[in-house]
Amino acid sequence: MCGTTALLDASLAAAADGKPAFSADPLATWQTDGIVWSLAAANGVVYVGGTFETVRPPGAALGQQQVKRQNFAAFDAVTGKLLPCAPAFTGHNHTVRAMKASPDGRVLYVGGSFSKVGSTRVANAVALDTSDCTLSKTFRPSVSATVRAIETTDKAIYLGGDFGRVGGQSRNRVAALTPKGSVLPFRADVDQPVRALAAALSHGRLFVGGDFEAVNGQGARSLVTLNPTTGKTVLRYPGWFPPLSSVKAIARDNTRFFVGAEGHGPGIFDGRIAGRLTNGTMVWKDTCRGATQALLPYKGLLYSASHAHDCHATPGGFPERGDRQHLLVQSLDTRKILHWFPDTNDGVGEHVGPRALALSKGVLWAGGEFTLVNDAPQQGLTRFGSRDTGAPKVPALSLADTDPGKATLAWRASWDRDDASLTYRIYRDGKLVAQRTKKSTYWDLPRMTHTDSAPAGRHRYEIEVTDGTNTSPKSAALYVTVPAQAAQAAQEPQAAQEPQAAEKRAEGDPR
Ligand SMILES: [Ca+2]
């Protein structure tokens, strides 16, 4: 699920609550015409697997400039350029569901529901040589049904999914093969589909997640830890998951594992849990609603893909508002949600937005069902680098009150996708007269005011807002007549908008 980056330096993992390594402003990215189910990274290349027939350049509308890519495509992680590596995955349900590179990056393992790669007959799992994109002649296991998860170690390739047989041998929904494709003795009996795998060999553990209720004849709901050599059960997690909450994603760093779930029905659990690799005990659990599909720990923070819509019980989280936030980052140590809110829409398919995350060369890739990113057309794929390029939207300025020698201006705070504190600058007749800094999020846009001491007469006020890097254009002008100080007759407050600029007025919330 998370490329080759699951292992982290422990000192980085300890630096919790730091600023996210990525801006919330997307980089130009190619698009797919269907669902991206899986992303994997190796050697600066990001591999994209899913259910699609074509890809198209950034900015192209569906149907324009399409290049054929059947359920598999490869891109340069940094430039985003489409690469020629393009085996066609076809037959059966012609879908690539899971991919993972070998630890040395030389081989990409690909699983799903397909019966042909190019003209070669295969059965739901293959391997590609990443140096020349050729199909491995040895790793060609015959897997009896869909592969939904892949984990790789130096010694073994683990497959999880819906199958009951691998290489002619009975293997119920999880199997291990050698890198050359021979079925290993590892054997576990899982009663329902496996959807996520993560190995922690130094702890003697293989984490297995999915829809199941029983493993190796014992009750084990949604998550189990197996011995990576034998398949015997090491740990179960009673009470962690209510019925019908499937584990969709598992990731780890050097000391902890992280799981993400998708729930249905009463007692639903959709959020994320962190546990200790040493003994399997829980560190934290967040109860955000809106199924989690992918996880990626990086530099002390946990990135996740979901359609979160109620995170009121999680520090830094938001209440139910009838909308959805599809990408989040939170502290690995405390689960606190940090101010980083790039977003997608729900999109096509099951309408859950992003389904996969990968990191390569400092660029975060996300893939899924979406057709919009930060409200702009962008289908199937997007990515984030370190450069903050988006300016907050300028608020509309209004007049709250006038007093002799004073005008009180009011506005609703704006918000920025990756900066919580924004600075508002007030100009009178083109001259900066005040500056105010205030925290805001899209679900909490405070009303702000400023009382300006000004000479009597008519003045032109404008406001602009900056995140410290990018500054909005100045607002439409607000004309205010400030009454004189001395014993003059009281004047009614007067305000007028420049007619030609009035249409630029906007509410603070850019959603
Ligand atoms: Ca920003």
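A salt bridge, as used here, is a side-chain nitrogen of Lys or Arg within 4 Å of a carboxyl oxygen of Asp or Glu. This is a predicted model, where local features need pLDDT of at least 70, side-chain atom pairs count only at pLDDT 80 or more, and totals for chains, interfaces and linings use all residues. Residues are numbered from 1 along each chain as its sequence is written, and side-chain values use heavy atoms, with hydrogens and water left out.

**View 1. A calcium ion sits among aspartates.** Asp388, Asp416, Asp418, Asp419 and Asp467 coordinate the ion through OD atoms at 2.2 to 3.1 Å (donors are N, O and S atoms within 2.8 Å of the metal, or 3.2 Å for Na, K and Ca; water is not among the atoms, so sites may look incomplete). Asp418 comes from the loop between strands E38 (406-412) and E39 (421-428), and Asp467 from the loop between E42 (457-466) and E43 (478-482), so the pair ties together parts 49 residues apart in sequence. Strands (E, at least two residues) are DSSP runs, numbered from the N terminus. Both Asp418 and Asp467 are buried, meaning under 20% relative accessible area (1.4 Å probe, protein chains only).

**View 2. Lys19 reaches Asp419.** Their side chains meet in a salt bridge, 3.4 Å from N to O.

**View 3. Four strands make an open sheet.** The order is E1-E36-E33-E32, paired antiparallel; strands pair if DSSP finds at least two bridges between them. At the edges are E1 (26-27) and E32 (354-360), each pairing on one side only. Six bridges join E32 to E33 (residues 363-368), and Ser360 has Val363 as its bridge partner in E33.

Technical notes:
Buried < 20%, exposed > 50% of the residue type's maximum accessible area, 1.4 Å probe, protein only.
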